[in-house]
Amino acid sequence: MSVLKVLSYVVVVSLFYSCNGVVSQKSNEIAIETKTEVREEQQFEHALKIAERQLKLQLKEAEKANKIPRTISKDGTIHWTNPKFDWTEGFYPGSLWYMYEYTNDETWKNAAEKFQSLFENHKYKTNSHDLGFIFNCSYGNGYRLTKNESFKDIMVTSADSLLTRFNPNVGCIKSWDVDYGWQKKRGWMYPVIIDNMMNLELLFKVSEFTGDSKYKEAAIIHANTTLKNHFREDDSSFHVIDYNPETGEVRSGQTAQGFSHGSSWARGQAWGLYGYTVCYRYTKNDIYLKQAEKIANYIVNYKSTPEDGIPYWDYNAPNIPNEPRDVSAAAITASALLELDGYSSLSYKSNIDKIINTLSSGKYTAKIGDNKNFILKHSVGSIPHGAEIDVPLNYADYYYVEALLRYQALKH
C-alpha cells in the first residue's frame with residue numbers, strides 16, 4: 001500500500017470513529033504503521049543522498065587518475081582496478097549508472113560511459129568467467145537506462161566470449177583456468193565456483209536481445225548442475241566444485257576464499273541466493289524459487305549471525321565472535337532478498353529492513369569525505385589470500401546502492 005493511500009485511509013477511519021464517539025485501536029495501529037513506513041522511507045532516502053555525495057567526491061578522484069577505484073590499500077591510498085583485467089571493474093560504472101537512474105543528472109551518465117569504456121575491449125576475453133559481472137553491471141545497466149544499441153552489441157560479444165567456457169560434458173561454465181598461478185597448485189581440473197551463478201544474468205539477457213536460445217540454455221544447464229552438486233543438506237554451499245572435464249564427474253568440493261572445504265563462505269551464500277533469484281526471474285521455474293528460498297532461510301536464520309544481520313566472513317569461521325564481518329555479503333543478500341520478496345509467498349521484509357538499516361548506520365556507512373569516499377566500510381575480499389580484509393569494496397557499494405534503489409521503487 002502506498003504512503004498516500006495509507007494516509008488517506010487513516011483520515012477516513014479516524015473521522016468515522018471520532019464521529020461515533022469511539023476510540024479505535026485499529027486506527028491507532030494504522031497510524032503507527034503509517035508513521036513507521038514514512039520514517040523508513042525517509043531513512044532510505046537519506047541513505048541514498050549520502051551515497052550520492054560520497055560517489056560524487058570519489059568521482060573527482062577517479063577522473064583525475066582516469067582509473068576505476070576498487071578498494072583501499074594497506075597504506076591508505078585508493079587501490080585501483082588492474083587495467084589489464086579485473087573482475088571488479090564493472091561495479092564502479094554500474095554504481096554511476098545507478099546514480100544516473102536516481103538523479104537523472106547527465107553527469108553520472110557521462111561518467112559511467114567514460115569509465116566502462118576503459119575495459120570495453122575485455123569483451124573478447126575468453127580466459128575468465130567474470131564477464132557477466134563486468135558487462136552486465138556496467139553496460140547492462142547502461143543499456144537498460146539509455147537503450148544505446150552499441151551497449152547491447154558489447155554485451156552480445158561478451159556473452160559469446162563467456163560461452164566459450166561452457167563444457168557440455170560438465171554442464172557448467174569453467175570458472176578458473178588451472179595451468180598457472182595459485183589455481184595450478186590446487187590440482188583442479190575444471191573448477192566451478194558458486195560466484196559463477198552471477199554471470200548467468202548476462203546470458204539470459206543476451207538470449208532476449210538476440211532471440212537465440214543457446215545463451216539461455218547454457219545458463220539453465222549451468223544452474224541445474226550447480227544446484228545438483230554445490231549444495232549440502234543444510235542448503236549451504238561449497239565454494240568450489242572440481243569436475244572431470246571429460247566425464248562431468250565431481251572430483252571434490254573445496255573452498256578458495258572460505259575458512260575450510262566444509263565451511264560456508266558468507267559471500268558465496270549471497271552469490272547463490274542472488275543467482276537463483278535471477279534464474280527464477282527469467283525462467284519462472286519453481287525449482288529456482290525454492291532453491292533461493294532455501295538459501296535465504298540458511299542465511300537469515302543462521303544461529304551465529306549477529307543481531308544486526310551482518311554475517312561474519314564465513315559462517316563457520318573458527319574465532320567467532322572475534323572474526324571480521326563481511327559487509328559485501330550483507331549488501332548482496334539485501335538486494336537479492338528485495339527481489340525474492342516479490343516472488344515468494346514468504347516475507348523477508350523484516351530481514352531486509354534490518355540489514356539495510358544496519359548498513360546505513362554510522363557503524364558501516366562512512367562519514368562524508370572519509371573512507372576514500374567509498375560508501376561502506378568493513379568488507380572482506382579473501383582472508384585465505386590475505387587480501388582486502390576489513391576494507392571498503394566497490395562491489396559492496398554497488399549492491400548496497402542497488403538495494404536502496406530497489407527499496408525506493410517498491411515505495412512508488
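**Helix packing and a loop residue in a predicted model**

The protein has 14 helices and 9 strands, taken as DSSP runs numbered from the N terminus (helices H or I, at least four residues; strands E, at least two). This is a predicted model, in which local features need pLDDT of at least 70 and side-chain atom pairs count only at pLDDT 80 or more, while totals for chains, interfaces and linings use all residues. Residues are numbered from 1 along each chain as its sequence is written, and side-chain values use heavy atoms, with hydrogens and water left out.

Of the 412 residues, 57% are buried, meaning under 20% relative accessible area with a 1.4 Å probe, protein chains only; exposed is over 50%, and partly exposed lies in between.

Two packed helices are described by the angle between their axes and the distance between the axes. Helix 10 (residues 266-283) and helix 14 (residues 394-410) have axes that come within 14 Å and cross at roughly 45°; the axes are lines fitted to C-alpha atoms over the stretch in contact, with angles from 0 to 180 degrees between N-to-C directions. That angle makes helix 10 oblique to helix 14, since angles under 35 degrees count as roughly parallel, over 145 as roughly antiparallel, 65 to 115 as roughly perpendicular and the rest as oblique. Arg267, Trp271, Tyr274 and Arg281 of helix 10 meet Tyr395, Tyr399, Glu402 and Arg406 of helix 14, where contact means heavy atoms within 4.5 Å.

Asn316 sits in the loop between helix 11 (286-300) and helix 12 (327-343). Its relative accessibility is 29%, so Asn316 counts as partly exposed. Beyond its neighbours within four places in sequence, Asn316 contacts Phe259, Gly262, Ser263, Ser264 and Tyr302. Asn316 and Phe259 are 57 residues apart in sequence, with 7.1 Å from C-alpha to C-alpha.
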